[in-house]
Protein chains: 2
Amino acid sequence: MIDIATRVYNHTWKIDPIVRSLIDTDFYKLLMCQSVFRNKPDTQVTFQLINRSHNVRLAELIDEGELREQLDHVRSLSLTRGESTWMRGNTFYGKRQMFSPEFMEWFENLRLPPYHLERQDGQFVLTFEGAWPEVMLWEIPALAVIMELRSRAVLKDMGRFELQVLYARAMTRVWEKGERLKRIPGLRLADFGTRRRHGYLWQDWCVQAMIEALGDKFVGTSNCLIAKKRDLEAIGTNAHELPMVYAALADSDEELARAPYKVLEEWQEEHDGNLLVILPDTYGTKAFLDRAPDWLAEWTGIRIDSGDPVENTEAAIRWWTAHGQDPREKLIVFSDGLDVAEIESLHARFAGRVKATYGWGTLLTNDFAGLVDGDALAPFSLVCKAVEADGRPTVKLSDNPEKAMGPKDQVERYKRVFGVGEQARRAVRV
Amino acid sequence: MIDIATRVYNHTWKIDPIVRSLIDTDFYKLLMCQSVFRNKPDTQVTFQLINRSHNVRLAELIDEGELREQLDHVRSLSLTRGESTWMRGNTFYGKRQMFSPEFMEWFENLRLPPYHLERQDGQFVLTFEGAWPEVMLWEIPALAVIMELRSRAVLKDMGRFELQVLYARAMTRVWEKGERLKRIPGLRLADFGTRRRHGYLWQDWCVQAMIEALGDKFVGTSNCLIAKKRDLEAIGTNAHELPMVYAALADSDEELARAPYKVLEEWQEEHDGNLLVILPDTYGTKAFLDRAPDWLAEWTGIRIDSGDPVENTEAAIRWWTAHGQDPREKLIVFSDGLDVAEIESLHARFAGRVKATYGWGTLLTNDFAGLVDGDALAPFSLVCKAVEADGRPTVKLSDNPEKAMGPKDQVERYKRVFGVGEQARRAVRV
């Protein structure tokens, strides 16, 4: 029987919305948002879409009108009662009332601020300006919208069965990855693939497939909506955005040098346990650890998001050992462009030496490489970053110069202030 | 929205029926049934299930109760008004009113006769006895029921996503076959896969995928229900059953020797054009052609269903040429265990020399080889044949001794009467 009501209801949609919920975002965005809401509510920031893969000419592929419709739809969203209940009533990382009543009340009344969209040289110039706690929430939906519009653009002329076979191939690929991963003893892995996903439904499929394939080895997802829907742990802590904005706001080189630690000092006031994960690479992991205050060594773990993951983990182990900590009790969260082979080799090297966990992103939720003509669905590297705070440019150095950003003179200044020397270049695939 | 009415309606099913329509059968069964209804309505026959793959122990795999439920369900079916309309109103092979009003009236009132089911040595002994026009209609549903119950038995403990990936792999395999086939210029291919299909929905999927992949190169399906549903040509002519029963009824060696030609004489009175396709291998192709009356050479084509397809086609070409016919105007229907590689090589050899068409069966609708543990879904060779007519055993020699059937002394008699000497054995995969 055809459900006529559903069909008629569906007729009323002018678009097929990509982002349908304010919590279709990464959990760490909400944690950071609460922190910013408390500590820097009035900081004015600019976020900007940055396509590191210049060969993917997004503005030629995606219709500007469709993009505007999708972004406008995101602006129409507000937190539903059920979503609010989930955030207020849930236990995150074993803690109740992770989100304060003040934050929740603000969030319940939030609509995302306006966006600014232009086209330039085959790319979209998409920016968001305003108060930090509002603007920062655009990052994930903006990326998800662009990524899915790109998928839709590539797929729009394919036949019905051709499409089904495309997804059959992609499903088989994801499943075979799961079959390899489940053979890794003691694996702990989470989905970090929201921002670069092929599409929402596809991410949801991948997560469910991993639940079945990996069982307890699949520990959760960074996506709050999927965590809610599939009764999973929401996973995540904090990101480069915090030290980048704090650093931009610094009034002197001395203050700049202290900024990354100040972020974590404030974080520690709010959080404990598994949320105390250091992201040390914003201005170079080595220098960060060399200059870190002693209290940081007591934190639960370190996330490795750029550079050579083996070198950086060895450096973390040495640092913990030098500070009298037992690395075997410490968490390492690998999250930089992971795929199965790298997870296997990292696990073979570090299992037993640290508690290794894996945030598997783009190559879980968007590995369509080689599946369509001209490889038009190959992964590419799109980010949406804070580029300005209170009128000053932000800078990121990272452990890979390919991921660095900011005005050239400021990059030089930051390198000097943070004592960053030569860095090895690593190709950025995703 | 959940369609509650559909869910509640589905609750009322005690079983999930495999065969849901009397026209979920091969078109040639209906053509032959009409012929038998006219010429031999009172002949008493016994049909029997024969599993040529002894290693597949069906009675250990399939629950007898479930099998009875499915067979009982088939007995509950009668022709619906829409099905009757399709048969009465459709154009088959360019001809209107293929089925006579007398036949249709009889068919509209038909229910399939009882079955007899026992278990013996890990196999089912499944037989059908009664008037030929009724009993013969059991062949295809009986095979389809057993094949699908076997699939269900193998798949019943698999996880939801594991199952989805199994079908993803099978879909990819079918699609890749389609991609190879569509590169063959001038290909004409039909689905002949009803009897050994993995399942009804799967056959329907394969047919639809071939419509999209092959376009005009996909000329139809032998399955009447799918032809009706997907607006395709129903394809088929006649089968071994006719000469086998006519031969069994012969009262002397002379009459036996004439039986295969008598069948075709009667067929010719009813049909013309593309329906005039000779199936010469029942008692050996070579002897059949050597002794064939001249008028047979004017028929439209020959179906090659056993033996070496190249040798048999060359023999057919020589035979037509010797009778003053132009082989380029003649049809060869290949239908013996075809898969892509053989279709490619046959087409490379015979395109332009004859009008080659391909009836693709088991390896279209049931190629799950290697896709589950223990290869428990590998194709196997199951048939349901007339074994007796008016109390006398039937015999089939075929061009492959592996496909021969009948009591030993009768096989020897038939070989003598039809002048069949040594035959090359060919492994029967499906």
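This is a predicted model: local features need pLDDT of at least 70, side-chain atom pairs count only at pLDDT 80 or more; totals for chains, interfaces and linings use all residues.

A: Residues count from 1 along each chain as written, chains are lettered from A and ligands numbered from 1 in written order, and side-chain values use heavy atoms, without hydrogens or water.

Let's start with who touches whom. On the chain B side, 22 residues are in contact with 22 residues of chain A (contact: heavy atoms within 4.5 Å). Together, chain B and chain A bury about 1900 Å², and 62% of that is on carbon and sulfur atoms.

Now for the charged partners. Between chain B and chain A the count is four salt bridges, each a side-chain nitrogen of Lys or Arg within 4 Å of a carboxyl oxygen of Asp or Glu. To find a salt bridge on screen, go to Arg169(A) and Glu176(B), whose side chains meet at 3.0 Å, N to O. Next, which elements of chain B are involved? Those giving two or more residues to the side that touches chain A are α1 (4–11), α9 (160–181) and α10 (200–214) of chain B. The biggest giver to that side is α9(B), with 12 residues. (Helices are DSSP runs of H or I, at least four residues, and strands are runs of E, at least two, numbered from the N terminus.)

Chain B can be laid on chain A by a turn of 179 degrees and a shift of 0.1 Å along the axis, with an RMSD of 0.0 Å. The two copies are therefore related as by a two-fold rotation axis. The same surface serves both copies, as 100% of the contact residues of chain B recur in chain A. Of the residues of chain B, Ala168(B) comes closest to the rotation axis, its C-alpha being at 2.0 Å.

In chain A, five strands form an open sheet in the order β4-β5-β1-β12-β13, with antiparallel pairing. Its edge strands are β4 (115–120) and β13 (392–393) of chain A, and each pairs on one side only. (Two strands pair if DSSP finds at least two bridges between them.) Six bridges join β4(A) to its antiparallel neighbour β5(A), residues 123–131. Within this pair, Leu117(A) has Leu126(A) as its bridge partner, and His116(A) stands opposite Thr127(A). The hairpin of β4(A) and β5(A) has two residues between the strands, and Asp121(A) takes a positive phi near 55 degrees there.

Chain B has its own β4(B), residues 115–120, joined by six bridges to β5(B), with the strands antiparallel. His116(B) stands opposite Thr127(B) in β5(B). Thr127(B) is also the bridge partner of Gln48(B). In the hairpin of β4(B) and β5(B), Asp121(B) takes a positive phi near 55 degrees.

For contrast, find the parallel sheet in chain B. Six strands make up this open sheet, in the order β7-β6-β11-β10-β9-β8. Its edge strands, each pairing on one side only, are β7 (218–221) and β8 (277–278) of chain B. Inside the sheet, four bridges join β9(B), residues 301–304, to β10(B), residues 331–334, and the two run parallel. One bridge there pairs Ile302(B) with Ile332(B).

Finally, back to salt bridges. Over all chains the count comes to 66. One of them joins the side chains of Asp290(A) and Lys286(A), at 3.1 Å, N to O. Both of these residues sit in helix α14 (285–290) of chain A, four residues apart, about one turn of the helix.

Conventions:
Buried area is the accessible area (1.4 Å probe) that two parts lose on being put together, summed over both. Copies are superposed by least squares on the C-alpha atoms of residues with pLDDT of at least 70 in both.
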